[in-house]
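Keep the structure in view as you read.

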Amino acid sequence: MKWIKVRNNQILFTILILMAVLGFRLFGLTVVEGSQWDEAAKAISIKSVYTSAPRGKILDRYGRLLAGNRPSFTVQFSDSNLDNGEINKQALEVVEILETNGDTINDNLPIIIDDDGSFYYTYQKIIEDWLASQDMPINYTAEEAFGEICRRNDIDDSLDKYEAQTELQTVYSIFPPISVKKMKFLEDLNKESFLGRYYLDNGLTAEEAFRSLCDFFEIDPLLSDEDARKIIVVRNQLAAQGYMSYIPAFIAKDISDKTIVTLEERGSQLTAVEVVAESLRYYPNGTVGAHVLGYLGQISESEKAGYLEKGYSASDMIGKDGVEKAFEDYLKGQDGIKNVEVNVHGDPVRVISNTESKKGNDIYVTMDLDLQKTAQDALAQALEKIRTAGTFESVYGNYKYGKAYRHANVGAVVAIDVKTGDVLAMASEPAFDPNLFATGISSEDWSSLQSTNPRDPLSPLPLFNVAARTAVQPGSIFKMVTATAALESGLDPKQKLRDGGAIKVGNRTYGCILWNMYKGNHGYLNLYEAIEVSCNYYFFDLAVGRDFYKGKSMGFKEEMNIEKITHYAEQYGLGMPTGIEIAETVVAVPSEARKIAATKTYLKNVLIGRAEIYFTDKIIDNKELLMENIGTITSWTEENPSRNTIMERLPSLGVKENMIETVTDLCKFSYFNQATWTLGDELNISIGQGENAYTPLQMANYIATIGNGGIRNKISLLRAIEGTGLIEKEEGKRIDIKNPDYLKHITEGMRRVSHGSKGSARAIFANFPVQVAAKTGTAERAGKVNPPDEVEYLKTNLRRINSALSWDQVEAEMNRLLQDYPDVYTSQSSAARQAVINLSRGRVSIKSMDAYKDDYDNFAWFVAMAPAEDPQIAVAVLLFQGGTGGYAGPVAREIIGKYLGLDKIYKDYSLDTVTTQ
């Protein structure tokens, strides 16, 4: 026993004894008492109950609620360590309860079983529906569709795909559902993500994927496909959580009282189901401020990875647009979790831990709720009355619209604080109700918010924020930019210049409205009077520093040219980001390089469209060679070779012998000669036409900069964040002018627009108690309104277009073109039009073919600031096809009157009562 006296052996002996004791006890627990403890473990389990954190509220500048939360009940489902059979059983049962009680199920399963029992992916249907709406073949790839959209919109083919996407979005407000990076449809990427979740091949049909999922989830094969799909809907929601699958999935939100009672009564059988209280987003004012506030939406398949990493659940709702998106990180709260010990019947025994949810931060925006309502009401009333030549009714005096413009159905208005750049109101018409998105929008509601005519770029899009994202020609409201550049160059604002009526440049005349309509003129004018009557001729003089009537220089101290005008346009913030927190469109100021690039693209598209007429069959049959030869022709744009040189080059490029002169003259006179800056460009740009394109938001900031003594502020929607306090404003930037008094001269001219004897807005502000500085603008919109169905239009009007043709002939030729030249004629519309031209053999032109379509009407612009002597508010109004600038004036007047308290009425919207102050 000597070994026991050794200390190390004593320690070893003790360890062996302890291990023996533990071994005997483990044997007793697992073998002797195993069945007993197994029953106990089954009787007691842990359940985690998750509660979504309420989003932070969005409040106006005075604390009035714009977006809040309302209480509701949600159904959660977790696997609760159950086997597949039990999960499937409970999933089917809870879905059937929800369906019986008329509750909406959170059904994100992209496999649909049609009425005839066939299967299809929602992804493919969405792609095909979109292609069909764009009049493209439904078998087009994403690359083919993107290329076709670029061609239709004359996107310069020298741009890379990212630059082309940017131009589509910023210039044309077109957002194709295509990932340009991967050149795939977004829905195809979503499909890859969905199938990849279950390690399924992307080439599986919808039915094959469905059968694979049934096997994956061990669903009883005796169940019908419809019942199996109900189970997969729930299982897919759980699987979508990814590595956070331990978090319960939301199966239905905002459930009925009957469902709550039923689920509570059956709680012991439905142990995987939990009814929890949560908050749903609520917009108490409906459509008011919708484009500013934005809306919520479910996390898409392509977004899931990023949001799951941030701790989101796959079924969470996130901001998809507007303030909801811009401030998602602040508005999103921290979800709560309660771990509860429950018995075999699902009844809670004790709370193990409880982490309360934490509400998101409240956001205070700069918007004034009352002013926003006034803006939206005035905008809607103006558009309605313009369409019918009705009367705009107002406490400041009714305004009768003299002529109806029936396509005036889209508009926008922005009002900002002159001193700070705060957005006081921003409205676009038509609007939408963001409450539709609170629990996930239905397909029917989503369809109602889409364009009724995708072929018409001016067709109403309720979800689109026109105020911040539509850039169009500003017309005469741009003239204050030209005036600023001229004053800086040495213009004496009191100098009188003679309005000569019109200036002839080549075969075209550039004149005032008096000349264009009556061959009249404004006589002698100074700067104030020229702004008051909006004399184009006067601003033509300023644009080039030349008195056209006298045929001599104006003697400016500094050179006056188009570059100086565009420089001051940028100084005013035109063609530049405004700084606003939500998405906006920015189109750069005009430049010669942009014009050349655009000219190349226009010529290319014309040559492609007329390829069968101009090129030999050998070239037509070789698409690659055709495109190469057309590219060679357009590359001559900068060179602008002589007419004879072009004629010598064309035969080697496969142009038909009898078309050499036609193509030569087309290229030389219609495109090459017009590609670089011309005097006509300078004249057009000086009065807001040509390549100018700006948003109402930018125009409002430009007017505010004039009213703020030349200090341009960064535009903002954010006033304060809960817990942070008021947001400190950045100091504004002063525009580069020698003398701020230049802006006083401009303001005086604008004041005369509203209160002068010849001002275009004098009728609107005749009895207005405050002096207003304003400017009207009418922007020309060329072109025809495309009908929803071009083929139907041609069929209906064929007798008038060419009475010698029958529709059978046109249809046969259309089908031939589609079959023989699928790369050239990518839609029935383009093929049908070419068929009519081919069969008419020169007797029908594009102009005569479109003669029975409606013309686009002019856009109406109106900008104003008040009071004129010390501006506090600046307003910009844009009405698509509103006819004439003055028609937008009543909208600005309502907003200015409301902001300055001139209506003497205060409406308490929470009580819906009206009281006099």
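## Helices that cross

H21 and H29 are oblique to each other, because their axes cross at roughly 120 degrees. This is a predicted model. Helix H21 covers residues 536–544, and helix H29 covers residues 679–686. Their axes come within 9 Å. The crossing of H21 and H29 is right-handed. From H21, the contact uses Phe539, Phe540, Ala543 and Val544. From H29, it uses Leu679, Glu682, Leu683 and Ser686. Sort these contact residues by class and you get six nonpolar, one polar and one charged.

Two packed helices are described by the angle between their axes and by the distance between the axes. The table gives both values for each pair in this report.

| Helix pair | Axes come within | Crossing angle |
|---|---|---|
| H21 (536–544) and H29 (679–686) | 9 Å | roughly 120 degrees |
| H8 (206–216) and H9 (225–239) | 11 Å | roughly 65 degrees |
| H4 (122–133) and H7 (186–197) | 9 Å | roughly 175 degrees |

Take H8 and H9 next. Their axes cross at roughly 65 degrees. That makes H8 roughly perpendicular to H9, because angles of 65 to 115 degrees count as such. The crossing of H8 and H9 is left-handed. H8 brings Phe210, Arg211, Leu213 and Cys214 to the contact. H9 brings Asp225, Ala228, Arg229 and Ile232. By class, the contact of H8 with H9 has five nonpolar and three charged residues, with no polar ones.

How do H4 and H7 lie relative to each other? Their axes cross at roughly 175 degrees. Angles over 145 degrees count as roughly antiparallel, so H4 and H7 are roughly antiparallel to each other. Tyr123, Gln124, Ile126 and Ile127 are the H4 residues in this contact. They meet Glu187, Asp188, Asn190, Lys191 and Phe194 in H7. The contact of H4 with H7 has four nonpolar, two polar and three charged residues.

## Empty space

Rolling a probe the size of a water molecule over the atoms shows where empty space is left.

How many cavities of 30 Å³ or more does a search of the whole structure find? There are two. The largest cavity holds about 240 Å³ of space. Its lining has 18 residues. Ser52, Ala53, Arg55, Ser279 and Met317 lie nearest the centre of this cavity.

H5 gives the most, with seven residues. The lining of the second largest pocket has 15 nonpolar, six polar and 12 charged residues.

## Details of the backbone

Start at Glu429 and Pro430. A cis peptide bond joins them, and omega is about 5 degrees. Pro430 sits in the loop between strand E18 (423–429) and helix H16 (443–448).

Move on to Ala866 and Pro867. The peptide bond from Ala866 to Pro867 is cis, with omega near -15 degrees. Pro867 is in the loop between strand E30 (859–866) and strand E31 (873–879).

What is the phi of Ala389? It is positive, at about 55 degrees, although Ala389 is not a glycine. Look for Ala389 in the loop between helix H15 (369–388) and strand E15 (391–392).

Methods
Residues numbered from 1 in each chain as written. Predicted model: local features only at pLDDT ≥ 70, side-chain atom pairs only at ≥ 80, totals over all residues. Heavy atoms only, no water. Axes fitted to C-alpha atoms, helices over the stretch in contact; angles between N-to-C directions. Helix = DSSP H or I, 4+ residues; strand = E, 2+ residues; numbered from the N terminus. Parallel < 35°, antiparallel > 145°, perpendicular 65-115°, else oblique. Left-handed = near helix turned anticlockwise from the far one by under 90°. Contact = heavy atoms within 4.5 Å. Nonpolar A, V, L, I, M, F, W, Y, C, P; charged D, E, K, R; others polar. 1 Å grid on protein atoms, 1.4 Å probe; cavity = no way out; pocket = protein on both sides within 12 Å on 5 of 7 lines; lining within 4 Å. Points joined across faces, edges and corners; volume = space filled by probe spheres on them.
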